[in-house]
Amino acid sequence: MGEMSKMLMKIGNKIRNMPLELKLFFATLFLFGIGASMVDAVFNNFLNERFMLSGFQRAIIEFPRELPGFLTAFISAALFFLFSRRLAALTFIFQAVGIILIGFIPTNFGTIMIWLFIFSMGQHMFMPLNSSIAMELAKDNEMGKRLGQANGIKNLAMVLGTIIIFLGFKFLNFNFEITFIIAAFCFISCALILLKMKKGEKHDSREHLKIYPKYKLYYWLCILYGSRKQIFITFAPWVMVTVFHRNTQTIAMLLTIGAVIGVLYQPWLGKAIDKFGEKKILAAESILLIFVCAGYGLSKHYFNEETAFIIAAICYILDQMLMSVSMARTTYLKKISEDHSHIKPTLSMAITLDHIFSIIIAVAGGFIWDKLDYRWVFLAGALIAVINFISVMKIKIEK
């Protein structure tokens with residue numbers, strides 16, 4: 001208990017000594033983590049119970065969910081006149097409105113896609129802002145550390161969010177509507193906090209909607225990331241729900257375990273990027289991802305039901321952790337950028353490019369799932385991991 005008290009006091013002192021802007025930004029990420037994790041924990045069960053979707057229909061749902069990612073660069077260009085933290089506040093208003101519409105307006109398979117588009121628009125618009133604001137608040141030699149801290153804060157919040165879902169559905173008669181109300185409250189709070197922060201940076205409109213040739217490897221790595229990410233977001237939880245028939249509490253428990261690990265792992269990962277470099281970290285991610293995809297796809301084929309589920313659950317947690325390695329791609333861009341004004345537009349364009357392939361992967365994966373078998377979806381993911389490893393070996397960063 002004494003060691004725990006010392007650790008908590010140390011964390012408390014660090015928080016007190018932080019600049020106000022950083023405290024406000026971390027508070028935003030904390031509330032965002034709670035709301036987003038609650039939605040993630042119940043969303044697949046919500047779709048399965050309300051609409052009884054096939055594998056292909058579940059993949060089609062990803063079109064309105066991922067289309068905003070494709071539009072990110074265009075929307076960011078249209079809203080170039082907004083400063084970064086004001087634009088971030090707007091993204092949370094989209095998320096709050098979208099999740100309330102999903103939960104409370106009578107829906108069918110068609111209308112749910114409209115509400116999902118609104119919610120996802122907010123989430124995807126915040127993605128590049130999340131990284132760019134964190135780097136605005138970091139010293140040049142501590143970008144990985146700052147991104148790691150930001151992700152650690154979100155993981156701590158995910159622990160709380162998923163625990164709320166687990167306890168709420170098990171003991172407090174929670175339903176999907178209550179979950180979405182709490183999430184919306186978190187998103188609105190995020191918007192209010194961001195409005196209290198300084199406006200942040202604004203970028204020249206001429207820098208938007210450009211693809212810079214120098215960053216072509218970064219764009220390609222983001223496309224590969226978008227492809228593998230889609231397999232995790234769409235099909236990994238769908239395996240848990242439809243192949244292993246696990247309920248909301250189980251998905252929440254797995255997210256909680258991953259988030260608890262992430263509280264310590266994320267800051268360590270940020271420091272590891274600063275120490276070992278992006279190339280080694282991204283290469284390690286690719287190798288681990290090959291085994292994760294094989295575990296998802298083949299465990300039930302070679303093991304009994306319970307053992308196969310344990311293997312798939314371990315892969316689910318590892319996959320959740322590996323998603324965080326995206327911060328290495330962000331710091332790689334920062335290091336190779338020719339001008340600071342290129343960073344935010346390039347982050348937005350990369351999200352647009354990776355979502356072109358995300359949408360293709362979602363639809364193709366659903367077709368493969370229905371026509372062949374879910375195993376082939378994850379074997380395709382392993383192939384993407386191999387291509388990613390080969391591509392990562394081409395990284396060169398000038399001192």
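Trainee: What makes the pair Glu 305 and Lys 300 a salt bridge?

Mentor: Their side chains meet at 3.3 Å, N to O. A salt bridge needs a side-chain nitrogen of Lys or Arg within 4 Å of a carboxyl oxygen of Asp or Glu, so this pair qualifies. The model is predicted: local features need pLDDT of at least 70 and side-chain atom pairs count only at pLDDT 80 or more, while totals for chains, interfaces and linings use all residues. Residues are numbered from 1 along each chain as its sequence is written, and side-chain values use heavy atoms, with hydrogens and water left out.

Trainee: Why is Glu 305 called partly exposed?

Mentor: Buried means under 20% relative accessible area and exposed means over 50%, with partly exposed in between (1.4 Å probe, protein chains only). Glu 305 has 36%, so it counts as partly exposed. Lys 300, with 31%, is partly exposed as well.

Trainee: How many salt bridges does the rule give?

Mentor: The count is six. One of them joins Arg 375 to Asp 373, at 2.8 Å from N to O. Arg 375 is partly exposed because its relative accessible area is 25%, and Asp 373 is partly exposed at 22%. Another joins Arg 329 to Glu 285, at 3.5 Å from N to O.

Trainee: How do you know that the Arg 329 and Glu 285 pair links distant parts of the chain?

Mentor: Arg 329 is in helix H12 (residues 326-336) and Glu 285 in helix H10 (residues 278-302), 44 residues apart. Both residues are buried.

Trainee: What makes a helix here, and how many are there?

Mentor: Helices are DSSP runs of H or I with at least four residues, strands are runs of E with at least two, and both are numbered from the N terminus. The protein has 14 helices and zero strands.

Trainee: How many disulfides are there, and where does Cys 190 stand?

Mentor: A disulfide is a pair of cysteine sulfur atoms within 2.5 Å, and the count is zero. Cys 190 is buried because its relative accessibility is 0%. Cys 222 is also buried, at 7%.

Trainee: What makes a nonpolar core?

Mentor: It is a set of buried Ala, Val, Leu, Ile, Met, Phe, Trp, Tyr and Cys residues joined through side-chain atoms within 4.5 Å. The largest has 119 residues, of which Phe 46, Ile 102, Tyr 218 and Tyr 316 touch the most other members. Neighbours within four places in sequence aside, Phe 46 is in contact (heavy atoms within 4.5 Å) with Phe 51, Ile 102, Ile 112, Phe 176 and Phe 180. Buried residues make up 57% of the 399 residues in the protein.

Trainee: Which helix gives the most to the patch?

Mentor: H7 does, with three residues. Ile 188 lies in H7. Helix H4 (84-104) and helix H7 (176-196) each supply at least two patch residues.
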